[in-house]
Amino acid sequence: MFTGIVEELGEVVSLEPAGTAGEAVLLTVRGPLVSSDAGHGDSIAVNGVCLTVVGRGEGTFTADVMKESLDRSSLGSLAPGSPVNLERATPAGGRLGGHIVQGHVDGTARLLSRNPGDNWDVLRFSLPAELSRYVVEKGSITVDGTSLTVSAVSEPGATEEFFEVSLIPETLRATTLGALTTGATVNLEVDVVAKYVERIAAVSAAERA
């Protein structure tokens, strides 16, 4: 479990093919802070994707990335030198500084535009139709592992659905979102509470039918 508060801006060291079919990769990331106390089997979120540590070096950690994760996220487009947002799993009793984040990516989005302001930047992202119902104004969303508040969202059924977030200078400095360029792909995780509510309502309706 994570909170979406990025601890460190890391850097990809290498991606090596893994598995018999070469459909998985062994990802090594430089992150002195998050790797300082990492043990085999620990969880670290990389751009919002929960990965399991299988090795540790001097200031680095290595994790297996399976085909499912590559298909559902932007991790497959990373290359040596790519910056990544890193967060260790939240300890029991730790502060919930963002919101409940599982590290299970629901889909990807593209940065449509960014509008710089005096003390913040407004970023507009595309919104996949299958995730639209989970995104509400002033609600929480995870973008590349960063817990953000939705500042605007398109009307249901809009020709081009989108959502916006307003980023303070600290978020721009401490995460990959500060240097994100128009057209870039990001990982999205919607609020899991909304998905549970939807499922409970659907099951309840089916039982009454």
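Select strand 8 and strand 11: they pair in the antiparallel sense over six bridges. The model you are looking at is predicted. Stay on this pair and pick F125. Which residue stands opposite F125 in strand 11? It is F163.

Now widen the selection. Six strands close into a barrel here, in the order 7-8-11-10-9-12, and their pairing is antiparallel. On average, neighbouring strands of this sheet are turned by 45 degrees against each other, direction ignored.

Next, show the side chains of F125, I141, V143, F163, V165 and L188. These have the most contacts inside the largest nonpolar core, which has 22 residues. At least two residues of this core come from each of strand 7 (107-116), strand 8 (121-126), strand 9 (140-143), strand 10 (146-153), strand 11 (162-167) and strand 12 (185-190). Then centre on V143. Leaving aside neighbours within four places in sequence, V143 is in contact with F125, L148, F163, L177, V186, N187 and L188.

A second core is separate and has 20 residues. Select V12, A38, I44 and V105, which are among its members.

Pick out strand 3 (residues 43-46) and strand 6 (residues 83-88): three bridges join them in the antiparallel sense. Which residue in strand 6 is the bridge partner of I44? It is R88.

Step back to S82, in the loop between helix 2 (67-72) and strand 6. Is S82 buried or exposed? Its relative accessible area is 16%, under the 20% cut-off, so S82 is buried. The side chain of S82 reaches the backbone oxygen of A79 at 2.9 Å. S82 and V13 lie 69 residues apart in sequence, yet 8.2 Å apart in space, C-alpha to C-alpha.

Last stop: helix 4 (residues 192-208). Look at its start, where a side-chain oxygen of D191 reaches to within 3.1 Å of the backbone nitrogen of V193. Then check the length. Helix 4 has 17 residues, so at 1.5 Å a residue it should span 24 Å. Its end C-alpha atoms are 25 Å apart, which agrees.

Definitions and conventions: Residues are numbered from 1 along each chain as its sequence is written. This is a predicted model: local features need pLDDT of at least 70, side-chain atom pairs count only at pLDDT 80 or more; totals for chains, interfaces and linings use all residues. Side-chain values use heavy atoms; hydrogens and water are left out. Two strands pair if DSSP finds at least two bridges between them. Helices (H or I, at least four residues) and strands (E, at least two) are DSSP runs, numbered from the N terminus. A nonpolar core is a set of buried Ala, Val, Leu, Ile, Met, Phe, Trp, Tyr and Cys residues joined through side-chain atoms within 4.5 Å. Buried means under 20% relative accessible area, exposed over 50%, partly exposed in between (1.4 Å probe, protein chains only). Contact means heavy atoms within 4.5 Å. Axes are lines fitted to C-alpha atoms, for helices over the stretch in contact, and angles run from 0 to 180 degrees between N-to-C directions. The expected span of a helix is 1.5 Å times one less than its number of residues. A polar contact is a pair of N or O atoms within 3.5 Å; within protein, one must be able to donate a hydrogen and the other to accept it, and residues adjacent in sequence count only if both atoms are side-chain atoms.
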